[in-house]
Amino acid sequence: MIVLKSPTFTEACGIIEKALKQKRALIVVGNCHVHYSGRARSTLEAGERLLIIKEDGALLVHRPVGYEPVNWQPAGSVFHVQTKEAELEVHGVRQKPRESVRVNFAEIYMVSAFRLNDVGEFLLHATEEDMHRAILLKPDLLEEGFKPISWEKKVKPGFVDIYGEDKDGKLVIVEVKRKVATKEAALQLAKYIEPIKSKINRELRGVLAAPSLGKDVQRVLVTLGLEFRKLDPKKCAEVLKKQKNAKLEKFFEEK
């Protein structure tokens, strides 16, 4: 690991060039302005920020607050660094699609270059609320042809997690559980269905969605005329992550 505090532009340029050539992770802290062109065009006026370039060529510019980068480029970017007049410029170019970002430092407070070893598996977790949102975003998580109508609908015993229609036009009441579904969950779903049945004149299905069923719960569901659909919290978390990334990309496209 190399760390330089308050380096000259020449010192910083040498460290950055070496880190980029060796595909090391790089952090530059200083006062900079940023020009971007590609998905859109943007200019970020001078301010104190973090420039991060990862080993795969991904680039991020972070403000002192907030978790989202103010500028970014995906992995695969090619970089060039140079000193010019009273600045040090880091220029990143990505070919497909064509985009370019120039980060110009008027002052550099710190440069750090290092190699990281990370082989740990990333496990995604989702709350029940996250699982509700994932079904609303991608209804096929529950079953093909499902169309959500509403969620957290109040009924006499409490709140229905999600209700909608299946591909045959039947009303579907969905109870979502993040962990192993118990007999109590099946009975809870049955309690929600009864008052709804008395108010509608159409066929209705009750579906318990969870990662798995507890002992003898399948028998209880059959007795009550209910169904089970396997719902993986990890897949739900992945849906939400993709949606978040899509929103982030759209945000930068509009800049």
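Predicted model: local features only at pLDDT ≥ 70, side-chain atom pairs only at ≥ 80, totals over all residues.

Residues are numbered from 1 along each chain as its sequence is written, and side-chain values use heavy atoms, with hydrogens and water left out.

**Helix α4**

- Helices (H or I, at least four residues) and strands (E, at least two) are DSSP runs, numbered from the N terminus.
- In helix α4, residues 217–224, the buried residues (under 20% relative accessible area, with a 1.4 Å probe and protein chains only) are Val-217, Val-220 and Leu-221.
- Seen down the axis of α4, these buried residues fall within an arc of 100 degrees, so they line one face of the helix; the arc is that of the directions from the helix axis to the C-beta atoms.
- Arg-219, Val-222 and Thr-223, on the other side of α4, are exposed, a term that means over 50% relative accessible area.
- The buried residues of α4 pack against α3 (183–197), β12 (204–210) and β13 (227–230), where contact means heavy atoms within 4.5 Å.
- Gly-225, which follows α4, has a positive phi near 75 degrees.

**Strands paired with β8**

- Two strands pair if DSSP finds at least two bridges between them.
- Strand β1 (residues 2–5) runs antiparallel to strand β8 (residues 99–114) and is joined to β8 by four bridges, with Leu-4 opposite Val-111.
- Strand β2 (residues 25–37) pairs with β8 in the antiparallel sense over 13 bridges, and His-33 stands opposite Asn-104 in β8.
- Strand β7 (residues 87–94) also pairs with β8 in the antiparallel sense, over seven bridges, and the two form a hairpin with four residues between them.
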